[in-house]
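Thanks for coming. I will walk through one structure this morning, piece by piece, and you can follow along on the screen.

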Amino acid sequence: MQMRDDLGITTKLENGKAYLEFALPEKIGRLLSALQIEIWEGAEGERLVFHGEYSSEEADSMTALLLRPHLWDGMRDPYVYLVKAQGRFGTVEYGENMGGIKNQEESDHAEDITEAVEVYWQQELAIYDVHVIDKKGIFLNEKEFLPHEVVYRLPPQISDAGTRVEQVRRDLERLVRMGVNVIRLEGTGTGAEGVNCSEVRTFYSLCRKRGFLTGDLWIRPENLPVYRGLPGETTCQALLAADGRTLTERYYYYQAKWSSEPVLYPVLSTLHRQENGLLSLTIYSNQKKVVLYVDGLLFLFQTATSGDPEFIFEDIPVAKLPLHLAAEAGNLSISLTVTKL
């Protein structure tokens, strides 16, 4: 028996209906019995909504129709169906018809089938429509969609933080708080270099269930933020330091820019003495107003400009060290003690 998650499924939405087409993976062998495919509501299989049986003669044209499908709708409603399939497959024949020899025909799941075997699939299905309308923007299920996209690098297989899946789940929660809604796995085609297809499918499954669009879907800015930095890398766009633990200042910049969660973050790398001897400090926030206090006294407040999370405070007086600074924005506040410049 083989358990797999690589049944190909393409969807097309039209007039409140979802037209589905199923495709068997390559090199799986000859279908010996009817292939049974079921679609269940909910990722845990709550109610059967489709059952189909396809003979070997129909294996190249396996289709289904769902009426009024429950659409996956990103962070608003990351709904997925559960697809189950099973069939009995025979020996793979090698040679000219297969375009290679056995050693060249390895799959990423298991050795090629050399005798009759039962194969089972269980995987999720997200049904949605995303397209670009010229001069109008990106639309998800006919609603305007503003992409907040990052590049993601898969963590090591095992680390002191746990397994890769556990680490990815933690990463995705951080990206949710940051306001991200689109993730592009670093690399091209099916995924990152050196990552097998099964790992890519697992990653995309975790993303779908958390509400992220995935893939390389649209024209992008040249410098997308990258979630995970690499040792020795100097990019200023990394959101997580190479130690795998520390969120960088850039993370808080995008969180203030994209997230609805209140943010107030003093950017310590910007604290410096100006030529006139006074200080300058930048604060990231998504609040309407940021107030700065110096040694307990009100120094200055600034109001937000459209879409800009940066509040730059200049000419901050410093009579002596230590200097006590405090910032307030909405219901948030933070205090700093500066002992060295």
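In the hairpin of β24 and β25, Gly330 has a positive phi near 60°. That hairpin leaves 2 residues between its strands. Please keep in mind that what you see is a predicted model. The two strands, β24 and β25, with β25 covering residues 332-338, run antiparallel and are joined by 7 bridges.

The peptide bond from Leu321 to Pro322 is cis, with omega near 0°. Where is Pro322 found? In the loop between β23, residues 310-316, and β24, residues 323-329.

Lys135 has a phi of about 70°, and it lies in the loop between β9 and β10. Is Lys135 buried or exposed? Its relative accessibility is 82%, so Lys135 counts as exposed. The other case is Asp295, with phi near 50°. Asp295 is in the loop between β21, residues 289-294, and β22, residues 297-303. With a relative accessible area of 43%, Asp295 is partly exposed.

Back to the loop of Lys135, and the strands on either side of it. Strands β9, residues 130-133, and β10, residues 137-140, pair in the antiparallel sense over 4 bridges. Within that pairing, Ile133 stands opposite Gly137 in β10. Both strands belong to an open sheet of 3 strands, in the order β9-β10-β11, with antiparallel pairing. Its edge strands are β9 and β11, the latter at residues 143-145, and each of them pairs on one side only. From one strand to the next, the twist averages 45°.

There is another open sheet of 3 strands, with the order β2-β3-β6, and its pairing is antiparallel as well. Which strands are at its edges? They are β2, residues 8-14, and β6, residues 62-67, each pairing on one side only. Neighbouring strands in this sheet are turned by 20° against each other on average, direction ignored. Between β2 and β3, residues 17-23, there are 7 bridges in the antiparallel sense. Thr11 stands opposite Leu20 in β3.

Now the chain as a whole. Its secondary structure comes to 3 helices and 25 strands. The chain has 341 residues, and 41% of them are buried. Counting contacts with a separation of 6 or more, 63% are between residues 24 or more positions apart. The accessible surface comes to about 19,200 Å², and carbon and sulfur atoms account for 48% of that.

Next, the interior. In soluble globular proteins, nonpolar side chains tend to be buried together. Here the largest nonpolar core has 28 residues, and the ones that touch the most other members are Tyr152, Leu175, Met178, Ile183 and Phe203. Which elements give two or more residues to this core? They are β12 (149-152), α1 (164-178), β15 (182-185), α2 (197-210), β18 (238-240) and α3 (249-258). Take Leu175 as an example. Leaving aside its neighbours within four places in sequence, Leu175 is in contact with Val150, Tyr152, Val180, Ile183, Phe212, Tyr227 and Leu239. Apart from this core lies another one, of 24 residues, including Ala18, Leu66, Phe89 and Leu125.

Last topic, the aromatic rings. How many aromatic pairs does the structure hold? The count is 13. One of them is Tyr79 with Tyr81, an edge-to-face pair at 5.2 Å centre to centre and 90° between the planes. Tyr79 and Tyr81 are both buried. Another pair is Tyr254 with Trp258, which is tilted, with 4.8 Å between the centres and 45° between the planes. These two are 4 residues apart in helix α3, so about one helical turn separates them. Both Tyr254 and Trp258 are buried. They also belong to a cluster linked by ring pairs, made up of Tyr251, Tyr252, Tyr253, Tyr254, Trp258, Tyr265 and Tyr284.

That is where I will stop.

Conventions
Residues numbered from 1 in each chain as written. Predicted model: local features only at pLDDT ≥ 70, side-chain atom pairs only at ≥ 80, totals over all residues. Heavy atoms only, no water. Core = buried A, V, L, I, M, F, W, Y, C linked by side-chain atoms within 4.5 Å. Buried < 20%, exposed > 50% of the residue type's maximum accessible area, 1.4 Å probe, protein only. Contact = heavy atoms within 4.5 Å. Areas by Shrake-Rupley, 256 points an atom, 1.4 Å probe, with all protein chains shown as cover. Pairing = 2+ DSSP bridges. Axes fitted to C-alpha atoms, helices over the stretch in contact; angles between N-to-C directions. Phe/Tyr/Trp six-rings, centres within 6.5 Å; stacked < 30°, edge-to-face > 60°.
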